[in-house]
Amino acid sequence: EKKIGMTEAWLRKHRPVYQAATKHPFIRTIRDGTVQSHSFKTWLAQDYLFVREFVPFVASVLIKACKESDDNDDVEVILGGMASLKDEISWFKREANKWGISLSEVIPQNANKNYCQLLESLMSPEVDYTVALTAFWAIEVVYQESFAHCIEEGSKTPPELKETCERWGNEGFGQYCKSLQKLVDQRLQKASDDELKKAEVMLLSIIEHEIEFWNMSRGN
Ligand code: HMH
């Protein structure tokens, strides 16, 4: 039997809250085809703003990875993630156009602002690479699991939302999340107890922020 990594152990330990993020009511309504268009548009507009702030955060993780440079698969995996954000931002612009959303007029809601503040705090050089990398992986994996759930067998996701779900739910994005998870587990194996604790607390914080982010779509 394959030994499980620390991240897997944490996801099992924190399964209820992790599921509250990955099987959130907003995601369930996409999956069962009952999602309201205003909810989807709110999510789309807010996520565009989030992704813009996500770019410098990912850049900061890349810088930390470069500085740590032991043997480093890390840099390549993170650089790949950064590169795909360019296409992602173009996609948001096209998608917003389709839905009649004017992105320049979108105002960030509180949950979004709070989440972006967390990203900003993680960009500090004081924050250790292991903790920042754990956050990065957690941010990506919540989207991967959530949207993969919407394109599984038996899902009734409306055709006009399929492309969105496939963006994060596709196999390639799944593999990328697995690569990130592997990097995190490698780091956690060498981490001190203090770093381990900080990384676990960070995972939980990301999950909570993801839940709050989905909540915006319901008008909370
Ligand atoms: C809020 N979390 C949020 N937005 C995203 N685009 C992702 C995660 C995945 O990159």
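Colleague: Which helix does Cys-165 lie in?
Modeller: This is a predicted model. In it, the helix that holds Cys-165 is α8.

Colleague: Is Cys-165 buried or exposed?
Modeller: A residue is buried if 20 or more other C-beta atoms lie within 10 Å of its own. Cys-165 has 22 C-beta neighbours inside 10 Å, so the class for Cys-165 is buried.

Colleague: Which residues does Cys-165 touch, not counting those up to four places away in sequence?
Modeller: Cys-165 sits in α8. Leaving out residues up to four places away in sequence, Cys-165 touches Ile-30, Phe-147, Cys-150, Ile-151 and Thr-157.

Colleague: What distance separates the C-alpha atoms of Cys-165 and Ser-192?
Modeller: Along the chain, Cys-165 and Ser-192 are 27 residues apart. Between their C-alpha atoms the separation is 37 Å.

Colleague: Is α7 oblique or roughly antiparallel to α8?
Modeller: α7 and α8 (residues 159-169) pack at an angle of about 135°, and their axes are 7 Å apart. Angles over 145 degrees would count as roughly antiparallel. The pair α7 and α8 is therefore oblique.

Colleague: How many nonpolar residues are in the contact of α7 with α8?
Modeller: From α7 the contact takes Tyr-143, Gln-144, Phe-147, Ala-148 and Cys-150, and from α8 Cys-165, Trp-168 and Gly-169. Two residues of this contact are polar and no residues are charged, while the nonpolar residues number six.

Colleague: Is α7 oblique or roughly antiparallel to α9?
Modeller: The axes of α7 and α9 (residues 171-189) come within 9 Å and cross at roughly 150°. An angle over 145 degrees is the cut-off to apply. The arrangement of α7 and α9 is therefore roughly antiparallel.

Colleague: How many charged residues are in the contact of α7 with α9?
Modeller: The α7 side includes Trp-137, Glu-140 and Val-141, and the α9 side includes Leu-180, Val-184 and Arg-187. By class the contact has eleven nonpolar and five polar residues, and the charged count is two.

Colleague: Is the crossing of α7 and α9 left-handed or right-handed?
Modeller: The crossing of α7 and α8 is left-handed. For α7 passing α9, the hand of the crossing is left-handed.

Colleague: Which helices each supply at least two residues of the shell around the ligand?
Modeller: The residues around the ligand are Asp-47, Phe-50, Val-51, Ile-139, Glu-140, Tyr-143, Glu-210 and Phe-213. By class they are five nonpolar, no polar and three charged. The helices that each supply at least two of the shell residues are α4 (37-68), α7 (129-150) and α10.

Colleague: Are α6 and α10 roughly parallel or roughly antiparallel?
Modeller: α6 (residues 110-122) and α10 (residues 193-215) pack at an angle of about 155°, with axes 9 Å apart. Their crossing is left-handed. The direction of α6 relative to α10 is therefore roughly antiparallel.

Colleague: Which residues of α10 make the contact with α6?
Modeller: On the α6 side the contact uses Ala-111, Asn-112, Asn-114, Tyr-115 and Leu-118. The α10 residues are Ser-205, His-209, Glu-212, Phe-213 and Asn-215.

Colleague: Is Lys-197 buried or exposed?
Modeller: Lys-197 is found in α10. Lys-197 has 12, so its class is exposed.

Note on methods
Residues are numbered from 1 along each chain as its sequence is written. This is a predicted model: local features need pLDDT of at least 70, side-chain atom pairs count only at pLDDT 80 or more; totals for chains, interfaces and linings use all residues. Axes are lines fitted to C-alpha atoms, for helices over the stretch in contact, and angles run from 0 to 180 degrees between N-to-C directions. Helices (H or I, at least four residues) and strands (E, at least two) are DSSP runs, numbered from the N terminus. Angles under 35 degrees count as roughly parallel, over 145 as roughly antiparallel, 65 to 115 as roughly perpendicular and the rest as oblique. A crossing is left-handed if the near helix is turned anticlockwise from the far one by less than a right angle, and right-handed if clockwise. Two residues are in contact if their C-beta atoms, placed from the backbone, lie within 7 Å. A residue is near a molecule or strand if its C-beta atom, placed from the backbone, lies within 6 Å of it. Ala, Val, Leu, Ile, Met, Phe, Trp, Tyr, Cys and Pro count as nonpolar, Asp, Glu, Lys and Arg as charged, and the others, Gly among them, as polar.
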